[in-house]
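The sequence and structure come first.

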Amino acid sequence: MPEKGTTYDYIIVGAGSAGCALAYRLSREASRRVLLLEAGGPDRLPVIHIPLGFAFLMKNPKVNWCYQTDPEPNMHNRRLSWPRGKVLGGTSCINGMVYIRGQREDYDHWAALGNKGWSYEEVLPYFKRSEHKAEGANEYHGYGGPLWVENVPREEKLELADLFVQAAVQTGLPFNEDFNAGSQEGAGDFQLNIRDGRRQSTARTFLSLCKERPNLSIVTGALAQRIMIEDGQAVGVEYSTTDRRQGSTTHQARANGEVILCGGVINSPQLLELSGVGQRERLESLGIEVKQDLPGVGENLQDHLTINIQQGLQGVTSFYDETRPLAMLRNLTRYLFRRRGLLAHPAAQVGAFFRTSEQQATPDAQIHFAPAASEENARGNMKPRPGTTATVCHLRPESRGSVHIRSTDPAEPPGIKANYLDTAEDRRAIVAAVRRVREIFAAPALDKYRDKELRPGATTQSDEEILSYVRAEGESVYHPVGTCKMGQDENAVVDERLRVRGIHSLRVADASIMPTITSGNTNAPAIMIAEKCADMVLEDAGIKVHPPEGVPAGATPGPRDKQSATAKA
């Protein structure tokens, strides 16, 4: 716990993907005192660090907020699960460990919207700076950064993963060696945040390198109550901690520099509204004093809706074979002694990006491929069976939702309305995406192994039937963004330097600032946002910042945890 009366230069709220990276960068300046607040606990749960362990963390309240949407009107009024990390490392501790940046066009579009400094060429150096690409640096990849990124180890791939890529290529998709290089379109291996069979969360990478710095204080179990705003300026954060003997205690931490929110797409707008920053009518209806009328807070919510297509297969190894008793014992032994085998697998080793129509200039659908399938037994439980799953999502949805508080209680989950499938284009695209997956499963590469389609099944054929299946079984692929939108219009919450409009010394730096969703998994972009924010914060404090340029190919990593030599106070 920080010493009572301590004033910090920077208070970061949320130690997730962005918060850990931001704490690492800002605390490099030894003259700056940094406080990092996290509502969850330390990342000590062993299953966090086992890659395949993510499957056991999706509903674990020890490390997961376990959010749910409100009943979704276009999804048969179902409430969809939205896992979000509640632990040091945040959602990077429970995600699928797939490293995807998105497309060049995503960031060029941000810049075209008036967000100066956010074009692809301007953000690429920040991606590279954060990265340690195990296979070495090149035009697109960095070497020597805190975040470990590697290709799928050849010896760890199941034959079925390669067969899927072959099948996708046979349908006309190009083979793609690197989804994070020039073009995203095609089928190939994903890059992963896994090293020697262990998850590389931002707690294990960024935070582990800086947690012993004397100018960085980290408080876990710290639930932010409100941002302290005086005369239009953020001056600190009020938060509570809970002790078994003393119960809940309220603390105040003051900042003479800035408060930076890294709570993510749900918790950042929630804290703004609790602090009096949001739509006036909504706040006044809850009895909250309005500090700044910003109608865009909590709006502009976007997410990738995904749907599973399961294909039965025979005669080729899948997770069904690897999880049978003797095979599972063998996999446990391999992992314990060599950090190899089934337990070292990510959510998906391979995948594909494709266009759902010729009118799309770039890919607008993504497949995560898993060599596993299941079916419902007589008791309604899911049991493994021979087969495989391709879960496909629409990458650039037009539908928009919202996140808003329901009360003044910080512990009460806000209302989440994703509003999936609200537009005709979103409905067209997801149906077309399902048809393309089926085309891949029908390709010659799988002819000798193909069994019946498990889900949705042969009787689901028309557009209406496919759409009905999506409504009944579609889920989030856990990429929500956009609720503290960056921009210049009346609904923008932050400007291009991530400063909250109308409130001095307050920024947001996480996936909630995205004006539009990126084309793919969102963990890498969230880290990039934090990297860029760190430079802007230091620049505005008058500290000279050298623009990141990446490390040349063939270079060896430097001392990644050294503090800046510019301040040795």
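Which residues does Trp118 touch, leaving aside its neighbours within four places in sequence? Its contacts are Tyr107, Trp110, Ala111, Val123, Met486, Glu496, Leu498, Ile513, Met528, Ile529, Lys532 and Met536.

## Aromatic pairs

Tyr107, Trp110, Trp118 and Phe127 form one aromatic cluster. In the whole model the count of aromatic pairs comes to nine. Two of the pairs are set out below.

| Pair | Distance between ring centres | Angle between planes | Class |
|---|---|---|---|
| Tyr107 and Phe127 | 5.8 Å | 70° | edge-to-face |
| Phe179 and Phe190 | 5.6 Å | 50° | tilted |

The class follows from the angle between the ring planes. Tyr107 and Phe127 count as edge-to-face because their planes stand at 70°, and the cut-off for that class is over 60 degrees. The planes of Phe179 and Phe190 stand at 50°, so that pair is tilted.

The pair of Tyr107 and Phe127 links distant parts of the chain: Tyr107 belongs to helix 2 (residues 104-112) and Phe127 to helix 3 (residues 120-130), 20 residues apart. Tyr107 is buried, with a relative accessible area of 0%. Phe127 has 1% relative accessibility and therefore counts as buried, the limit being under 20%.

Phe179 lies in the loop between helix 4 (159-170) and strand 8 (186-189), while Phe190 is in the loop between strand 8 and strand 9 (191-192), so their pair ties together parts that are eleven residues apart in sequence.

## Strand 1 and its partners

Strand 1 (residues 7-13) is mostly covered, with six of its seven residues buried. This strand pairs in the parallel sense with strand 15 (residues 247-261) over six bridges. Within that pairing, Tyr8 stands opposite Ala255. Strand 1 also pairs in the parallel sense with strand 2 (residues 34-37), here over four bridges, and Ile11 stands opposite Leu35. Together with helix 1 (residues 17-26), strand 1 and strand 2 make a right-handed β-α-β unit.

How many residues of strand 20 (residues 365-370) are buried? The count is six of six. In a regular strand, side chains alternate between the two faces of the sheet. In strand 20, Ala365, Ile367 and Phe369 are buried on one side, and Gln366, His368 and Ala370 are buried on the other, which leaves both faces covered.

Strand 20 pairs in the antiparallel sense with strand 19 (residues 350-354) over five bridges, where Val350 stands opposite Phe369.

The protein averages a pLDDT of 93, and 94% of the residues score at least 70. For residues 550-561 the model has 21 contacts beyond four places in sequence. For residues 564-569 it has eight such contacts. Where pLDDT is low, the predicted coordinates should not be read in detail.

Pro547 is in the segment after helix 12. Is Pro547 buried or exposed? Its relative accessible area is 59%, so Pro547 is exposed, the cut-off being over 50%. Pro547 and Arg129 are 418 residues apart in sequence, yet 9.7 Å apart in space, C-alpha to C-alpha.

Methods. Residues are numbered from 1 along each chain as its sequence is written. This is a predicted model: local features need pLDDT of at least 70, side-chain atom pairs count only at pLDDT 80 or more; totals for chains, interfaces and linings use all residues. Side-chain values use heavy atoms; hydrogens and water are left out. Buried means under 20% relative accessible area, exposed over 50%, partly exposed in between (1.4 Å probe, protein chains only). Helices (H or I, at least four residues) and strands (E, at least two) are DSSP runs, numbered from the N terminus. Two strands pair if DSSP finds at least two bridges between them. A crossover is right-handed if, with the strands pointing away from the viewer, the path from the first strand over the helix to the second runs clockwise. pLDDT is the predictor's confidence in each residue, from 0 to 100. Contact means heavy atoms within 4.5 Å. Rings of Phe, Tyr and Trp (its six-membered ring) pair if their centres lie within 6.5 Å; planes under 30 degrees apart count as stacked, over 60 as edge-to-face and the rest as tilted.
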